Amino acid sequence: IPNTYVDSERLRLEAYHKLSAASGESSTVTQLQGILDELQDRYGTAPQSVLNLIEITALRQAANRLGLKDVNALGGLYVKLQPVELTESQQVAMSHTFPGAKYLLTAQALQLPTPKGADGQPLRDLELIQWVRSTFESIPAKLEQ
C-alpha cells in the first residue's frame, strides 16, 4: 500500500492486518471486497498496487483451501506449489496440462513453467496472479492429502 495512498503508517499497518486476517481458507472474496470498499471510501480510488494486493490475498485464500503452504514465483521461470502429493497418473496428467512441469517428490513440490505474455516475456503482476489462481482448478482436489 503506497504511502501516497495511505499516508499514515499506522493506518497502512491496520489495512495489512485486515488483509492478513482475510487470507485464511474460511475467508471469502466478499470480505476482501469489504476491505477494498473501506479503503476506497476513506482514501479514494485504489491504485493498481492495492488491487494487486487484494488479488494476492484472494490467491492466498484459494491456496489455503487447497492445503498449499508455499506458492512462489521463481525468477519468472516457474511457479512453485508446495506441499503437493501427486500419484504417478496425476504427475503424467499435470505434465500434459503444463508442458515442462516438474514434480519433486522428496520436496513435495510442483514447479509449473510461467507462461509468456503477448510481449514474449513471462507473466508478471496481475496477469501472473490470475494465471496462478486459474491453475488451481487443474490441481487434484485438496492435492490428495
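Q: Helices (H or I, at least four residues) and strands (E, at least two) are DSSP runs, numbered from the N terminus. By that rule, what does the secondary structure of the chain come to?
A: Let's start with the overall plan of this model, which is predicted. Read along the sequence, the pattern is α-α-α-β-β-α-β-β-α. Counting up the elements, the secondary structure comes to five helices and four strands.

Q: What percentage of the residues of the chain count as buried?
A: A residue is called buried when its relative accessible area is under 20%. The C-alpha trace spans about 50 × 35 × 20 Å along its principal axes, and the accessible surface comes to about 8,400 Å², with 51% of it belonging to carbon and sulfur atoms. Of the 145 residues of the chain, the share that counts as buried is 37%.

Q: Among contacts between residues at least 6 apart in sequence, what share joins residues at least 24 apart?
A: Contact here means heavy atoms within 4.5 Å. Taking the contacts in the chain between residues at least 6 apart in sequence, the share that joins residues at least 24 apart is 61%.

Q: Which element gives the most to the lining of the largest pocket?
A: This pocket holds about 390 Å³ of space. Its lining has 17 residues, and I56, L59, V71, N72 and A73 lie nearest the centre. At least two lining residues come from each of α3 (48-66), β1 (70-74) and α5 (125-135). With six residues, the element that gives the most is α3.

Q: By class, how many nonpolar residues does the lining of the largest pocket have?
A: Sorting the lining by class gives three polar residues and four charged ones. The remaining class, which takes in residues such as Ala, Val, Leu and Ile, is nonpolar, and its count in this lining is 10.

Q: Which element gives the most to the lining of the largest cavity?
A: One cavity of 30 Å³ or more is found, and the largest cavity holds about 70 Å³ of space. L11, E14, A15, K18, I35, E38, L39, R42 and Y43 line this cavity, and the elements that give two or more of these residues are α1 (9-21) and α2 (29-43). By class, the lining has five nonpolar, no polar and four charged residues. The element that gives the most, with five residues, is α2.

Q: Is K80 buried or exposed?
A: K80 sits in strand β2 (residues 78-82). Beyond its neighbours within four places in sequence, K80 is in contact with D70, V71, N72, L74, A109, L110 and Q111. The relative accessible area of K80 is 18%, and the cut-off is under 20%, so K80 is buried.

Q: Which side chain is joined to the side chain of K80 by a polar contact of 3.4 Å?
A: A polar contact pairs N or O atoms within 3.5 Å. The pair in question is 3.4 Å apart, and the partner of K80 is Q82.

Q: Which peptide bond is cis, with omega near -5°?
A: Let's move on along the chain from strand β2. P83 is found in the loop between β2 and α4 (88-97). The cis bond, with omega near -5°, is the one from Q82 to P83.

Q: Why does Q111 count as buried?
A: Q111 lies in strand β4. Leaving out neighbours within four places in sequence, its contacts are L74, Y78, V79, K80, G100, A101, K102 and L104. Q111 counts as buried because its relative accessible area is 14%.

Q: What separates the C-alpha atoms of T114 and G76, 38 residues apart along the chain?
A: T114 is found in the loop between β4 (109-113) and α5, and it counts as buried at 7% relative accessibility. Apart from neighbours within four places, T114 is in contact with G76, L77, Y78, V79, P122, L123 and L128. A polar atom of the T114 side chain also lies 3.5 Å from the backbone nitrogen of Y78. As for T114 and G76, their C-alpha atoms are separated by 6.5 Å.

Q: What is the relative accessible area of D125?
A: D125 lies in helix α5 and has a positive phi of about 50° although it is not a glycine. Q108, in the loop between β3 (102-104) and β4, also has a positive phi of about 50°, and Q108 is partly exposed, at 27%. D125 is partly exposed too, with a relative accessible area of 47%.

Conventions: Residues are numbered from 1 along each chain as its sequence is written. This is a predicted model: local features need pLDDT of at least 70, side-chain atom pairs count only at pLDDT 80 or more; totals for chains, interfaces and linings use all residues. Side-chain values use heavy atoms; hydrogens and water are left out. On a 1 Å grid over the protein atoms alone, a cavity is a set of points where a 1.4 Å probe fits but cannot get out, and a pocket is an open set with protein on both sides within 12 Å along at least five of seven lines; lining residues have an atom within 4 Å of a point. Grid points are joined across faces, edges and corners, and a volume is the space filled by probe spheres set on the points. Buried means under 20% relative accessible area, exposed over 50%, partly exposed in between (1.4 Å probe, protein chains only). A polar contact is a pair of N or O atoms within 3.5 Å; within protein, one must be able to donate a hydrogen and the other to accept it, and residues adjacent in sequence count only if both atoms are side-chain atoms. Accessible areas come from the Shrake-Rupley method with a 1.4 Å probe; for residues, only the protein chains shown count as cover.
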